[in-house]
Amino acid sequence: MNVETGDVGAAVPTRESDAAATVAIVDDHEAVRLGLRAACRDAGYDVVVDAASVPELLEGLAGRSCDVVVLDLSLGDGSSVTENVRAVLATGSAVLVHSIADRVAAVRESLAAGAAGVIPKASPMSAVISAIATVARGEVLNNVEWASAIEADRDFAKAQLGRREHDVLHLYASGLPLKLVAAQLGIAHSTAREYLDRVRAKYIEVGRPAPTKVDLLRRAVEDGILPGLDDGGDARR
C-alpha cells in the first residue's frame, strides 16, 4: 500500500478545477494500481492512497476522505461488492467502480450499493480519467455500462410514483431547493416534503434507497424521469 501524507480533510473540498481532486485506488493487481496512479498524476490529480483491499485503503486514509475512490469490482480477499462500496462511502468518498465489463450482476450490485458509476477496465485511460473527473464534480456517470446493468436486471424495479411525486422528484433532482419546488407546483412546503418522503419510501420498497439528493438524482436518471448527462442534461449535485 502506498499513502501520500498530504492533508486530506474529512469533507470533500471545494475545487476550482478537476486538477485539484484527490483520488485513491483499490485494486489487488499491482500493475493496475501503478498504471492508474501514473495516469492520475499525469492528469494532475492528487493520488493519496493506493491499496490492494478496502481495509488497506481505510488504514491509509486514517479517518480522512478523498473525492473519488477507484474501486476494483472483484478483489481477491473474499469481500463482497456491497460491503466494499458501503465501507468506502462511509468515509465520505465517492466510488467509481473499475470493472470487467461483462460482470453485469456485480456492476448492478455496486450501483445499488451507492457507487457513482462504473468504467470498464478495457476503456482507454483517457476515458477512465474523464470518468474520475465526472465523479469528482459530483455528477452522475450515466454511461453504457450503467444502462446495460440496469436493463439486464429484471429485479431493477421502478418505483411506482404518483403524478405529484413524479413532479416533485423531477424538480428537486434537477437542482431546485424544496421551497422553490413547492412554489413552482403551487403547494405548501410541508406538502412538497411529504411527497419527497413518499418518493424515498417507495424507492426503499423496491430495494433502491435514495437517502441523499444525489441518490434521488441517480434514481431519476435511471427511471427516465430526468435525462442522463450523455443526453445533454446538466444535472449536478
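Contact here means heavy atoms within 4.5 Å. The model shown in every view is predicted.

**View 1. Helix α5 and its packing partners.** Helix α5 covers residues 125-136, 12 residues in total. From its first C-alpha to its last it reaches 16 Å, close to the 16 Å expected at 1.5 Å a residue. Its buried residues are V128, I129, A131, I132, A133, T134, V135 and A136.

View 2. A94, L96 and H98 point one way. V95, V97 and S99 point the other way. Both sets are buried. β5 pairs with β4 in the parallel sense, over five bridges. Within that view, V95 of β5 is the bridge partner of V69.

**View 3. The crossing of α3 and α4.** Helix α3 (residues 81-89) packs on helix α4 (residues 104-113) at an angle of about 30 degrees. Their axes lie 9 Å apart. Is the crossing left-handed or right-handed? The crossing is right-handed. On the α3 side, V81, T82, V85, R86 and L89 make the contact. By class, the contact has five nonpolar, two polar and two charged residues. An α-helix has 3.6 residues a turn, so residues three or four places apart point the same way.

**View 4. Helix α10, largely enclosed.** Nine of the 10 residues of α10 (residues 213-222) are buried, so the helix is largely enclosed by the rest of the structure. The buried residues are V214, D215, L216, L217, R218, R219, A220, V221 and E222. G224 follows α10, and its phi is positive, near 80 degrees.

**View 5. A192 in helix α9.** A192 sits in helix α9, residues 189-205. Why does A192 count as buried? Its relative accessible area is 0%, and buried means under 20%. Leaving aside residues up to four places away in sequence, A192 touches V168, L178, A182 and I187. L169 lies 23 residues from A192 along the chain, and their C-alpha atoms are separated by 9.6 Å.

Conventions:
Residues are numbered from 1 along each chain as its sequence is written. This is a predicted model: local features need pLDDT of at least 70, side-chain atom pairs count only at pLDDT 80 or more; totals for chains, interfaces and linings use all residues. Side-chain values use heavy atoms; hydrogens and water are left out. Axes are lines fitted to C-alpha atoms, for helices over the stretch in contact, and angles run from 0 to 180 degrees between N-to-C directions. Helices (H or I, at least four residues) and strands (E, at least two) are DSSP runs, numbered from the N terminus. A crossing is left-handed if the near helix is turned anticlockwise from the far one by less than a right angle, and right-handed if clockwise. Ala, Val, Leu, Ile, Met, Phe, Trp, Tyr, Cys and Pro count as nonpolar, Asp, Glu, Lys and Arg as charged, and the others, Gly among them, as polar. The expected span of a helix is 1.5 Å times one less than its number of residues. Buried means under 20% relative accessible area, exposed over 50%, partly exposed in between (1.4 Å probe, protein chains only). Two strands pair if DSSP finds at least two bridges between them.
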